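Please go through the briefing below alongside the sequence and the 3D view. The points are grouped by topic.

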Amino acid sequence: GGGRTWGVAANAGGWDGLWLRDVVDGLGLSRVSLLGTSFGGYVAVLGEQVLGDRVSHLILCAPAGIVRPWPGARFLWAMVSLRFRPTRSRADAFFRQLLGPSQTMPPDIFSEIVEALYRFGKGFDIAGALPPVFDNSVLRCVEADTMLIVGEDDVLFSPSSIVKRGERLFPKLRCAVTLPAHGHSLELSPVTMAYVTKFLSATTS
């Protein structure tokens, strides 16, 4: 997901996906399903390009790299406040904006993420961490069975634009789901995981 790959993947070759092939090879896996949230979705697309037919399923949750970000004024203010004057209360406000007005998360996990955002402090720069938008040619070359999941209340990317571009370009888009009462952070939602499980069960022979 975005929170754990922004700072790691980009500094470890995340912009070319080659490190992901090393991980899959190191685990001795001949075939995999890739799931990525936010920046992790961008990395998953890169991984599919590198791994080719070794990827059976590509599941993208509120993925970066499909459309340009569209942060609203409130989220932008929360982001800027955290970037230049980090406090725990501002980290809390930023993550609540990212999560969305209705989506819930276990309190211990929520607190852990807020603390991590606070500790990033001035080193946290969401704008600098956002990857470029994929060319049409890249998305048209995706060969894996693909699923898109977006949150209706996403404050970072337009969910309808993600789905529209995905439907136009992904050759094997099997399912596109828009979750009501969900924001940008979808990876810990049981609703998300239920859809993922159903997709994998239906498309795995």
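**Strand β3 and its setting**

Seven of the seven residues of β3 are buried, so the strand is largely enclosed by the rest of the structure. Buried means under 20% relative accessible area, exposed means over 50%, and partly exposed lies in between, using a 1.4 Å probe and protein chains only. This is a predicted model, in which local features need pLDDT of at least 70 and side-chain atom pairs count only at pLDDT 80 or more, while totals for chains, interfaces and linings use all residues. Residues are numbered from 1 along each chain as its sequence is written, and side-chain values use heavy atoms, with hydrogens and water left out.

**Overall make-up**

- The secondary structure of the protein comes to 10 helices and four strands; helices (H or I, at least four residues) and strands (E, at least two) are DSSP runs, numbered from the N terminus.
- Read from the N terminus, the order of elements is α-α-β-α-β-α-α-α-α-α-β-α-β-α.
- The protein has 205 residues, of which 46% count as buried.
- Among the contacts in the protein with a separation of 6 or more, 76% come from residues 24 or more positions apart; contact means heavy atoms within 4.5 Å.

**Strands and their pairing**

- Both faces of β3 are covered: D145, M147, I149 and G151 are buried on one side, and T146, L148 and V150 are buried on the other.
- Strand β2 (residues 55–61) is likewise largely enclosed by the rest of the structure, because seven of its seven residues are buried.
- Strand β1 (residues 32–37) pairs with β2 in the parallel sense over six bridges; two strands pair if DSSP finds at least two bridges between them.
- On to the next strand, β2 and β3 (residues 145–151) run parallel and are joined by five bridges.
- H57 stands opposite D145 in β3, and L60 stands opposite L148 in β3.
- β3 is also joined to strand β4 (residues 173–179) by six bridges, and these two run parallel.
- The bridge partner of I149 in β4 is V177.

**Crossovers**

- β1, helix α3 (residues 39–51) and β2 make a right-handed β-α-β unit. A crossover is right-handed if, with the strands pointing away from the viewer, the path from the first strand over the helix to the second runs clockwise.
- A right-handed β-α-β unit is also made by β3, helix α9 (residues 159–169) and β4.

**Nonpolar cores**

- The largest nonpolar core has 44 residues, and L34, L58, F94, F95 and F170 touch the most other members. A nonpolar core is a set of buried Ala, Val, Leu, Ile, Met, Phe, Trp, Tyr and Cys residues joined through side-chain atoms within 4.5 Å.
- Helix α3 gives the largest share of this core, seven residues.
- A second, separate core has 10 residues, including I59, C61, L186 and V196.
- Apart from its neighbours within four places in sequence, F170 is in contact with L60, I66, L139, V142, T146 and L148.

**Aromatic pairs**

- How many aromatic pairs does a search of the whole structure find? The search finds three. Rings of Phe, Tyr and Trp (its six-membered ring) pair if their centres lie within 6.5 Å; planes under 30 degrees apart count as stacked, over 60 as edge-to-face and the rest as tilted.
- The pair of Y42 and F134 is stacked, because the ring centres are 4.5 Å apart and the planes are at 15°.
- This pair links distant parts of the chain, 92 residues apart: Y42 is in helix α3, and F134 is in the loop between α7 (126–129) and α8 (136–140).
- Y42 counts as buried at 6% relative accessibility, and F134 is buried with a relative accessible area of 6%.
- F39, Y42 and F134 form one aromatic cluster.

**Cysteines**

- The structure holds zero disulfides; a disulfide is a pair of cysteine sulfur atoms within 2.5 Å.
- C141 counts as partly exposed at 47% relative accessibility, and C175 counts as partly exposed at 24%.

**Residue S185**

- S185 lies in the loop between β4 and α10 (190–203).
- Is S185 buried or exposed? At 8% relative accessibility, S185 counts as buried.
- Leaving aside neighbours within four places in sequence, S185 is in contact with F95, L98, L99 and Q103.
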